[in-house]
Amino acid sequence: MALDRRAWRPKLAYPPLRIFRYTGEALTAGAQTHRIEGRLVKIYGPAKTVADCFKYRNKIGLDVAMEALREGWRARRFTMDELDRYAAICRVQKVMRPYLEALSA
């Protein structure tokens with residue numbers, strides 16, 4: 001779950017949550033609002049999600065980030081321009097570059 005760095009942490013017994021703290025554009029860019037069971041919920045789009053996977057690759061595993069990239073690209077969920085924009089916001093452009101080059105080759 002992504003939260004502002006100053007927001008309170010929800011206390012839930014279930015489901016287990018992993019909280020990631022964001023500020024500024026990293027928190028707001030790519031967020032889409034959806035109505036789920038009568039409540040408005042912000043969910044990140046596919047390109048932002050892939051960029052976040054690469055940002056937290058050491059916590060979730062590089063294999064998870066790679067699979068997200070492959071599956072999103074295969075299903076045409078985002079363009080390279082979108083992915084590059086969110087990679088810049090998440091400061092992972094240099095990390096992602098070799099994987100993007102291999103994917104587009």
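Visitor: What makes helix 5 and helix 6 roughly antiparallel to each other?

Guide: In this predicted model, the axes of helix 5 (residues 80–89) and helix 6 (residues 93–104) cross at roughly 165 degrees and come within 10 Å. Axes are lines fitted to C-alpha atoms, for helices over the stretch in contact, and angles run from 0 to 180 degrees between N-to-C directions. Angles over 145 degrees count as roughly antiparallel, under 35 as roughly parallel, 65 to 115 as roughly perpendicular and the rest as oblique. Helix 5 and helix 6 are therefore roughly antiparallel.

Visitor: Which residues make this contact?

Guide: With contact meaning heavy atoms within 4.5 Å, Met80, Leu83, Asp84, Ala87 and Ala88 of helix 5 touch Gln93, Met96, Leu100, Leu103 and Ser104 of helix 6. Residues are numbered from 1 along each chain as its sequence is written.

Visitor: Why is helix 2 called oblique to helix 5?

Guide: The axes of helix 2 (residues 46–55) and helix 5 cross at roughly 45 degrees and come within 8 Å. That angle falls in the remaining class, which makes helix 2 oblique to helix 5.

Visitor: Where do helix 2 and helix 5 meet?

Guide: Ala47, Lys48, Val50 and Ala51 in helix 2 meet Glu82, Leu83, Tyr86 and Ala87 in helix 5. By class, this contact has 6 nonpolar, no polar and 2 charged residues. Ala, Val, Leu, Ile, Met, Phe, Trp, Tyr, Cys and Pro count as nonpolar, Asp, Glu, Lys and Arg as charged, and the others, Gly among them, as polar.

Definitions and conventions. This is a predicted model: local features need pLDDT of at least 70, side-chain atom pairs count only at pLDDT 80 or more; totals for chains, interfaces and linings use all residues. Side-chain values use heavy atoms; hydrogens and water are left out. Helices (H or I, at least four residues) and strands (E, at least two) are DSSP runs, numbered from the N terminus.
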